[in-house]
Each structure stands twice: as C-alpha cells, then as structure tokens.
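Reader: I'm new to this one. Can you walk me through it, piece by piece?

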Amino acid sequence: MNLSHKETAIVFRIMRELTADHGSAELRRVIGELLLELMDAQYIASYVWDPEQRCFVDRVSINMDDANLGNYERYFQFHDPITPALQRRRTATCVSEIIERPRFERTAFFNDFLTRDGLHFGVNFYAYAGGHNIGDLRIWRGRHKEDFSKRDVEILDAIGVAFTQALLQRRLVELPRGQIDVSARVERCGQSVALTPRQKEIAAAIVRGCSDRTIADELCISLPTVRTHVQSIYQKFGVSSRTQLARQVLFN
C-alpha cells in the first residue's frame with residue numbers, strides 16, 4: 001500500500017502510541033484522534049461490548065455531542081440497523097457495504113441520531129480477543145465529504161491488527177484478576193491440551209502475571225525447570241507468549 005509522506009508520519013505516530021503507557025480508554029481516544037487525521041474524518045466514537053448486559057459501554061468520543069450519545073446508549077443502540085451487522089465483521093467495514101444508501105437514509109437511526117451530530121459516511125472496526133469484542137472504532141465523515149474508499153478500509157484494517165493487540169494487552173493488565181478464578185479457568189482449558197498438574201500450576205501463575213523467577217521460588221523448583229515447563233505449555237496451547245496464553249485462558 002502506497003502512503004504519502006504525511007500518512008506515513010501519522011502511521012508511525014499511531015504505532016508509537018500503541019506501545020505507550022495508556023489505559024484502554026485513553027488508548028482508544030489517542031488512536032482515535034490520529035485516525036481522524038489520517039482518514040480525513042471528523043467524528044469518532046468507541047465502545048466496549050458488555051456481554052452480560054448485552055450493550056455497549058465505556059464510551060470514548062471525539063466531536064460528538066454527549067447528550068446525543070446518551071440517547072444512543074439509552075435507545076438507539078437497541079434500534080440500530082447497522083451496528084449488529086458491522087460488529088459481526090472481523091475486518092474494517094464501510095456502512096455502505098452492509099446497507100444500501102437510500103434505505104439507510106430513511107431510517108430513524110440515521111435521521112434522529114446520526115445527522116444530529118452531522119455524521120453521514122461511516123467505517124467501523126471491531127477488535128476481538130477470542131470470541132469477545134473488546135473495543136471498537138466507529139469513524140465518520142460529514143455530508144460534504146466522500147464515502148470511505150477501499151484504500152481507507154485497507155489502511156484501517158492494517159492498523160486494526162496492532163490496535164487489537166495493544167487493546168488486549170491493556171485489558172489483561174486492567175482485568176480484576178482477584179475476582180477471577182484463574183486456576184479454574186486453567187483447569188478447564190488445560191483438560192483439552194493435556195496439561196500435567198505441575199503445568200497447570202505454572203500456567204495459572206503465568207496468567208496471574210508471575211515471572212519465571214517468582215514461579216520457581218513459589219514452587220521450589222529450579223529456573224531451568226520452570227522454563228522447560230513454560231515452553232511445553234506454550235507448545236500445547238499453540239502460543240508463543242505470556243499475553244497469548246492469558247488470552248487463551250481468560251477469553252476463550
């Protein structure tokens with residue numbers, strides 16, 4: 001993909017921010033600001049899907065009215081002709097790909113919600129960890145702009161891969177681990193990959209954030225033995241890092 005000098009500079013800024021010390025909400029806000037600049041767009045909203053409440057929560061937005069977004073959260077997200085279809089996509093998708101424009105402009109969602117903030121053309125990206133939607137990017141242009149192009153979608157999709165990984169890492173850090181029975185989750189996941197009792201202990205410790213040295217000290221075994229077990233656990237789960245293992249245990 002050919003990027004202009006300006007676009008390349010913005011993409012590098014995005015990649016730097018993805019590795020910076022932001023919380024998940026701040027990460028979505030900072031990346032959102034840069035994506036508006038990169039994609040010549042004016043509006044963005046970002047939510048996280050709450051599977052228990054069956055609704056979107058933890059809003060981040062730029063250039064959108066809080067009261068109007070409150071209406072979305074109370075009513076319009078439950079009467080939304082586009083987001084459920086967009087949410088099922090695992091790649092960046094233009095609104096125009098899932099609903100014909102004339103039909104879309106006749107909906108109450110468009111006329112009573114989107115146009116109040118001036119939103120006209122949209123593209124969405126939904127980040128997934130396992131089967132869980134852990135955050136999204138809903139980017140919009142106004143009426144006097146053009147719809148997003150195939151190139152725009154490809155750029156957002158490419159950035160979305162790194163965005164998903166960064167969001168997952170923040171999510172793992174922010175999870176209330178003390179409220180999660182990690183050992184029970186390892187036991188459930190470990191049965192399918194034939195972990196030994198010792199490997200289950202070590203896998204649970206990894207997911208809790210323990211270092212190899214801490215695991216060795218707590219289990220009274222040597223550091224090389226811990227590392228041998230860690231590599232065997234990775235191999236059985238088909239992962240190559242602590243983050244990937246935690247995702248398998250906590251989100252699958």
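Author: Let's start with one residue. At 4% relative accessibility, Thr83 counts as buried (buried is under 20% relative accessible area, exposed over 50%, partly exposed in between, with a 1.4 Å probe and protein chains only). This is a predicted model: local features need pLDDT of at least 70, side-chain atom pairs count only at pLDDT 80 or more, and totals for chains, interfaces and linings use all residues. Residues are numbered from 1 along each chain as its sequence is written, and side-chain values use heavy atoms, with hydrogens and water left out.

Reader: Where is Thr83 found?

Author: In helix α4, residues 83–88. Helices (H or I, at least four residues) and strands (E, at least two) are DSSP runs, numbered from the N terminus.

Reader: And what is Thr83 in contact with?

Author: Phe56, Tyr72, Tyr126 and Arg138, leaving aside neighbours within four places in sequence. Contact means heavy atoms within 4.5 Å.

Reader: New topic. What is the strand order in the open sheet?

Author: The order is β2-β1-β5-β4-β3, with antiparallel pairing. Two strands pair if DSSP finds at least two bridges between them.

Reader: Which strands stand at the edges?

Author: β2 (55–62) and β3 (93–94). Each has a single partner strand, so one side of each is left without a neighbour in the sheet.

Reader: How many bridges join β4 to β5?

Author: 9, and the two run antiparallel. Asn124 stands opposite Arg138 in β5. Asn124 is also the bridge partner of Thr93. β3 and β4 pair over 2 bridges.

Reader: What about the hairpin of β4 and β5?

Author: It has 2 residues between the strands. Gly130 takes a positive phi there, near 65 degrees.

Reader: Is β5 mostly covered or mostly open?

Author: Mostly covered: 9 of its 10 residues are buried. On the β1 side, 3 bridges join β1 to β5. One pairs Ile44 with Ile139.

Reader: Now the inside. How many residues has the largest nonpolar core?

Author: It has 59. A nonpolar core is a set of buried Ala, Val, Leu, Ile, Met, Phe, Trp, Tyr and Cys residues joined through side-chain atoms within 4.5 Å. Ile14, Leu35 and Ile139 are among those with the most contacts inside this core. Helix α7 (residues 150–174) gives the largest share, 9 residues.

Reader: What does Leu35 touch?

Author: Ile14, Leu137, Ile139, Leu156 and Ile159, not counting residues up to four places away in sequence. There is also a second, separate core of 22 residues, including Tyr72, Phe113 and Trp140.

Reader: Which residues lie nearest its centre?

Author: Tyr72, Phe113, Leu114, Arg138 and Trp140, out of 14 lining residues. β1 (43–50), α3 (66–74), α6 (108–113) and β5 (132–141) each supply at least two residues of the lining.

How values were computed
1 Å grid on protein atoms, 1.4 Å probe; cavity = no way out; pocket = protein on both sides within 12 Å on 5 of 7 lines; lining within 4 Å.
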